[in-house]
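Please read these notes with the model open beside you.

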Amino acid sequence: MGASADEIDRQINSTRDQIDANLDVLERRAASGARRDGVSAAAGLIAGLAIARVAYLVYRRVRKPSLADRVRDVLPDAIAGLPDELKSRMKARPFKVVITDGSEDAKPGTWEAIGQRLAPTIVSSAVGAAMSRAIRRPSGTEAVETVDE
């Protein structure tokens, strides 16, 4: 006849055990892969944010807003629009309203400013050393009397 009920039951149980073992292995692999993917995604996100921050800092360094732009950003819109309104009201008046950011006042560069501060000190030190050397008497020689014969 056919297989007995016990044999079929044993085969079903062994098949279930094999399937459970395979599912456990697959779950561990999936968890490991998900963890690895999560770490990779986090590292990519952190690297992307770092690159974006550096790019923003470079952009801000290259394009510094003028003083007028910074003041305009701080003031409310009602006050920022006031100069244009004043200009339109005062067109027929004998004076002119000019708003500047002060960019005409050129400041010296970094090296020029350092040179301007250090030059007087270096020159006065050099002159002082030269004068002290010129005035100083020879220290190792004594006056020698010469006797005429």
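1. From the N terminus on, the elements of the protein chain run α-α-α-α-α. There are five helices and zero strands; helices (H or I, at least four residues) and strands (E, at least two) are DSSP runs, numbered from the N terminus.

2. This is a predicted model, in which local features need pLDDT of at least 70 and side-chain atom pairs count only at pLDDT 80 or more, while totals for chains, interfaces and linings use all residues. Residues are numbered from 1 along each chain as its sequence is written, and side-chain values use heavy atoms, with hydrogens and water left out.

3. The protein chain averages a pLDDT (the predictor's confidence in each residue, from 0 to 100) of 78, and 70% of the residues score at least 70.

4. Of the 149 residues of the protein chain, 3% count as buried. Buried means under 20% relative accessible area, exposed over 50%, and partly exposed in between (1.4 Å probe, protein chains only).

5. Trp 111 is found in helix α5 (residues 110-135). Trp 111 counts as exposed because its relative accessibility is 73%.
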